[in-house]
Amino acid sequence: MFEIGNSLREARHRQQLDLTDVEQSTKIRARYLRALEEEAFDVLPAQTYVKGFLRTYADWLGLDGQLYVDEYNSRFGTDEEPREPVVARRTAGIQQRHARLARRGVLIALGAIAMLCALLIAAFKFSADQAQIPNLAPSTTTTSTHKQKKEKPARVVRRAKVKFFVLAANGSSWMDVRNYSSNGRTLFTGTVDKGQSHGWTARRLWITFGSPSNLKVVVNHRVVQVPGGGSSVTVLLTRTGIVRAPAGA
């Protein structure tokens, strides 16, 4: 069990963000975000809103939203109905208005597409007329075509990365996180106190845990077990999984 509100607040402070920044990006009101950080869940209309906002807020901060929803369910979840049924009626009315606006938008878009097609046809005809001018040298077309064949867009190769998230759920643990290998750049060295969380995104990570049994480790939104049990262990994390680090890697 960990403190939901403190974990969210610490993650936001580490990224030097204000509640107004989060509100603009997530479209969740600042007073609801503050209620989540203070665990004042009764401020929100119903549990459905709590879970939805909690998942969205945590994911936006780079945390595991499902982990926070599960923690909320284990501590506060009930089978009660939403406390404000009038919200459903208001939502239905808003959806109807949105549907009307969407139909109107589709008609406008179709009209714009038709106008664009007409412009393209006119431009094509104009280009064809220009191509028939007798004074144009034939070598111009050949040179232009030759340049077009040579100028191919560069191919961008993107290597897959792995998302690593750790939460000190059962107690404190010392950690040393390095990029790629044991000789890589140090990303973090220190103790993760109970209730604190950290996260990184990289192609490969070299990690040493002091007390892995005190931690919840999530890789690509899936909870995984750290090899080695409760003792100190060094692991290698890639997009294919987490394994004990080989000697000299």
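**Note on helix packing, cores and sheet**

1. The axes of α2 and α4 lie 11 Å apart and pack at an angle of about 110° (axes are lines fitted to C-alpha atoms, for helices over the stretch in contact; angles run from 0 to 180 degrees between N-to-C directions). The two helices, α2 and α4, are therefore roughly perpendicular to each other (65 to 115 degrees). Helices are DSSP runs of H or I with at least four residues, and strands are runs of E with at least two, numbered from the N terminus.

2. This is a predicted model, in which local features need pLDDT of at least 70 and side-chain atom pairs count only at pLDDT 80 or more, while totals for chains, interfaces and linings use all residues. Residues are numbered from 1 along each chain as its sequence is written, and side-chain values use heavy atoms, without hydrogens and water.

3. From α2, L19, V22, S25 and T26 meet T56, Y57 and W60 of α4 (contact: heavy atoms within 4.5 Å).

4. The largest nonpolar core has 29 residues, and I4, L8, L36, Y57, L63 and Y68 are those with the most contacts inside it. Such a core is a set of buried Ala, Val, Leu, Ile, Met, Phe, Trp, Tyr and Cys residues joined through side-chain atoms within 4.5 Å; buried is under 20% relative accessible area (1.4 Å probe, protein chains only). A second, separate core of 21 residues includes V162, A168, I207 and V217.

5. An open sheet of 5 strands runs in the order β3-β2-β5-β8-β9, with antiparallel pairing (at least two DSSP bridges between two strands). Its edge strands are β3 (186-192) and β9 (241-244).

Methods:
Buried < 20%, exposed > 50% of the residue type's maximum accessible area, 1.4 Å probe, protein only. Parallel < 35°, antiparallel > 145°, perpendicular 65-115°, else oblique.
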